[in-house]
Amino acid sequence: MPSAADPPVIQAEHLAVGYGETVVLENLDFTVSRGDVFAILGGSGSGKSTLLRTLIGLQEPLHGSVRIAGAHPPRGGAPTYGVLFQSGALFGSMTLAQNVALALAKWTNLDPRTIDTIVRSKLRLVGLEGFENHLPAEISGGMKKRAGIARALALDPSLLFLDEPSAGLDPVTSAELDDLIATLNGSLGMTTVIVTHELRSIFAIVRHCIMVDGASRGIIARGEPAALRDGSDDPQVRAFFNPRSRAA
Ligand SMILES: Nc1ncnc2c1ncn2[C@@H]1O[C@H](COP(=O)(O)OP(=O)(O)O)[C@@H](O)[C@H]1O
Ligand SMILES: [Mg+2]
């Protein structure tokens with residue numbers, strides 16, 4: 001069990017993210033605790049993906065710092081975390097098994113039989129047992145997301161980043177994906193950082209969140225989703241969590 005004395009898994013200090021001269025978000029200070037399901041919320045174009053890419057070290061901070069487990073994100077080494085990107089694309093000419101095997105072949109010296117065993121176990125973990133030899137085009141959208149998660153889990157990361165995993169999925173498939181994400185977080189003891197705007201997902205699986213805003217370029221709310229829904233004074237935050245009252 002994580003305790004209050006545990007150092008945060010992610011620590012962002014005075015962080016600014018963006019592109020060259022263009023600051024998308026700035027003055028970000030937040031931490032993510034071990035074992036949390038932590039969401040980055042905000043409107044389209046507010047900088048959620050940019051922030052996520054900076055957290056995992058794909059983009060340099062414009063200012064400030066990101067620490068993951070106390071260290072700056074590694075560059076060039078084997079990733080210590082798994083990522084399902086917003087585009088989430090699997091390699092279309094490779095089978096699901098080949099997609100999941102990629103990182104294992106690249107970063108480990110395991111023999112092909114062992115890699116095959118691990119690949120099967122990862123696909124089983126996400127409910128895709130028996131689909132090892134399917135191509136991405138032969139499976140549904142929800143299954144593609146699951147395969148992407150299996151690929152993200154190939155190297156047994158303790159930290160998983162998911163950028164809008166349920167975008168484009170029907171409600172039932174999206175709810176199943178939420179169940180999978182919650183199960184992985186609970187049973188594997190993972191820390192999960194998720195970008196989403198699906199209220200159902202947020203209330204089902206997210207424990208803590210920050211909401212970012214493109215206009216003010218900062219964090220406009222933080223805390224537990226239900227507490228923000230019921231208690232925030234900010235009209236934008238209220239509107240996000242209570243969409244039906246938006247017109248009222
Ligand atoms: N590669 C890029 N170069 C320059 N600007 C970008 C790039 N990617 C995104 N942006 C801009 O950064 C802002 C935030 O984008 P993004 O992080 O994708 O938002 P979100 O994920 O919240 O929808 C947007 O104004 C977008 O146009
Ligand atoms: Mg995005």
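Author: Start with one pair of strands. Strand 3, residues 37–42, and strand 8, residues 208–213, run parallel and share 5 bridges. Within this pairing, leucine 41 faces methionine 211 of strand 8. Bear in mind that this is a predicted model.

Helix 4 covers residues 141–152 and packs on the sheet. It touches strand 5 and strand 6, the latter at residues 159–163. The direction of helix 4 makes about 160° with that of strand 5.

How many strands form it, and in what order? The sheet is open and has 6 strands, in the order 5-6-7-3-8-9. The pairing is mixed. Strand 5 (82–84) and strand 9 (218–223) are the edge strands, and each of them pairs on one side only. On average, neighbouring strands are turned by 15° against each other, direction ignored. In general, strands of a sheet pair through backbone hydrogen bonds, either parallel or antiparallel.

Strand 8 and strand 9 run antiparallel, joined by 5 bridges. Valine 212 has isoleucine 219 in strand 9 as its bridge partner. These two strands form a hairpin with 4 residues between them. In that hairpin, arginine 217 takes a positive phi near 55°.

Look at the aromatic rings now. The structure holds 4 aromatic pairs. One of them joins phenylalanine 30 and phenylalanine 38: the ring centres are 5.7 Å apart and the planes are at 15°, so this pair is stacked. Both phenylalanine 30 and phenylalanine 38 are buried.

Another pair is phenylalanine 203 with phenylalanine 241. Why is this pair called tilted? Its planes stand at 50°, with the ring centres 5.9 Å apart, so the pair is tilted; stacked would need planes under 30 degrees apart, and edge-to-face over 60. The pair links distant parts of the chain, 38 residues apart. Phenylalanine 203 belongs to helix 6 (residues 199–205), and phenylalanine 241 to helix 8 (residues 235–241).

Phenylalanine 241 has 3%, so it counts as buried. Phe203 and Phe241 also form one aromatic cluster with Phe240. A charge joins the picture here. The charged end of arginine 229 sits over the ring of phenylalanine 203, 4.6 Å from the ring centre.

Helix 6 also holds serine 201. Serine 201 is buried, with a relative accessible area of 1%. Which residues does serine 201 contact, leaving aside its neighbours within four places in sequence? They are Ser166, Ser174, Asp178, Thr196 and Val206.

Val206 leads on to the nonpolar core. The largest core has 43 residues. Leu41, Val119, Ile149, Ile194, Val206 and Phe241 touch the most other members. Valine 119 is in contact with Ala97, Val100, Ala101 and Leu104, leaving aside its neighbours within four places in sequence. There is also a second, separate core of 26 residues. It includes Phe38, Leu52, Phe161 and Val195. Phe38 is part of the stacked pair. As a general point, nonpolar side chains tend to be buried together in soluble globular proteins.

Definitions and conventions
Residues are numbered from 1 along each chain as its sequence is written. Chains are lettered from A and ligands numbered from 1 in the order in which they are written. This is a predicted model: local features need pLDDT of at least 70, side-chain atom pairs count only at pLDDT 80 or more; totals for chains, interfaces and linings use all residues. Side-chain values use heavy atoms; hydrogens and water are left out. Two strands pair if DSSP finds at least two bridges between them. Axes are lines fitted to C-alpha atoms, for helices over the stretch in contact, and angles run from 0 to 180 degrees between N-to-C directions. Contact means heavy atoms within 4.5 Å. Rings of Phe, Tyr and Trp (its six-membered ring) pair if their centres lie within 6.5 Å; planes under 30 degrees apart count as stacked, over 60 as edge-to-face and the rest as tilted. Buried means under 20% relative accessible area, exposed over 50%, partly exposed in between (1.4 Å probe, protein chains only). A charge sits over a ring if NZ of Lys or CZ of Arg is within 6 Å of the ring centre and within 35 degrees of the ring normal. A nonpolar core is a set of buried Ala, Val, Leu, Ile, Met, Phe, Trp, Tyr and Cys residues joined through side-chain atoms within 4.5 Å.
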